[in-house]
Amino acid sequence: SSGINAEWPLRPGNKKRPIATQRPAHGTRPDCWVTAVAALRNTECFWSGSSEGGARLWACGEDYRTVTCIREVEVTGTINAITVTRDLSRVVLAVGQEHRLGRWWQDKTARNSLVVLSLQESENAER
């Protein structure tokens, strides 16, 4: 779960209280929200998107008490949804001018669009 203060309270499935908190998860502005989350199946990694237009790939530590950002992508607009393909080769970001649930703010320079990121290319580029 997350809140409007852009932090990650990390909770195991059987606990009500968080065992760790990542601050700040996105941005430093008080109105920077975490607006989308997607987990990578059979891994300890997940993507998050924010109202500032940033998407981050996070990895859980060995003890599941730490979360580390391992990749960051900047786009213009609010990330309203994130989907990872079944073979984990691509990530699709739904980007809009406004938040999908309301018109609290608007970025007129952004375009409502889908951004497709290839994860395979980034792995080859790092090696």
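I began with Arg56, which sits in strand E5, spanning residues 54-60. I keep in mind that this is a predicted model.

**Arg56.** Is this arginine buried or exposed? I looked up its relative accessible area and found 16%. The cut-off for buried is under 20%, so Arg56 counts as buried. Next I checked what its side chain meets: there is a polar contact with the side chain of Glu72, at 3.3 Å.

**The sheet around E5.** I then traced the strand order and wrote down E3-E4-E5-E6, an open sheet of 4 strands with antiparallel pairing. Its edges are strand E3 (34-39) and strand E6 (67-74), each of which pairs on one side only. On average, neighbouring strands here are turned by 25 degrees against each other, direction ignored. A reminder to myself: strands of a sheet pair through backbone hydrogen bonds, either parallel or antiparallel.

I took a further look at one pair. Strand E4 (residues 45-50) runs antiparallel to E5, and 5 bridges join them. Across this pair, Phe46 has Trp58 of E5 standing opposite.

**Two positive phi values.** Most residues other than glycine have a negative phi, so I went looking for departures. Asn42 is one of them, with phi near 60 degrees. I found Asn42 in the loop between E3 and E4.

How accessible is Leu88? I read 24% relative accessibility, which makes it partly exposed, as that class lies between 20% and 50%.

**The nonpolar core.** Which residues have the most contacts inside the largest nonpolar core? I noted Trp47, Ile79, Ile82, Val91 and Leu93, in a core of 16 residues. At least two residues of this core come from each of E3, E5, E7 and E8. For context, nonpolar side chains tend to be buried together in soluble globular proteins.

Setting aside neighbours within four places in sequence, I listed its contacts: Trp47, Ile82, Thr83, Val84, Val115, Val116, Leu117 and Leu119. Two of these names, Trp47 and Ile82, were already in my note on the core.

Conventions: Residues numbered from 1 in each chain as written. Predicted model: local features only at pLDDT ≥ 70, side-chain atom pairs only at ≥ 80, totals over all residues. Heavy atoms only, no water. Buried < 20%, exposed > 50% of the residue type's maximum accessible area, 1.4 Å probe, protein only. Polar contact = N/O pair within 3.5 Å; in protein donor to acceptor, adjacent residues only side chain to side chain. Pairing = 2+ DSSP bridges. Axes fitted to C-alpha atoms, helices over the stretch in contact; angles between N-to-C directions. Core = buried A, V, L, I, M, F, W, Y, C linked by side-chain atoms within 4.5 Å. Contact = heavy atoms within 4.5 Å.
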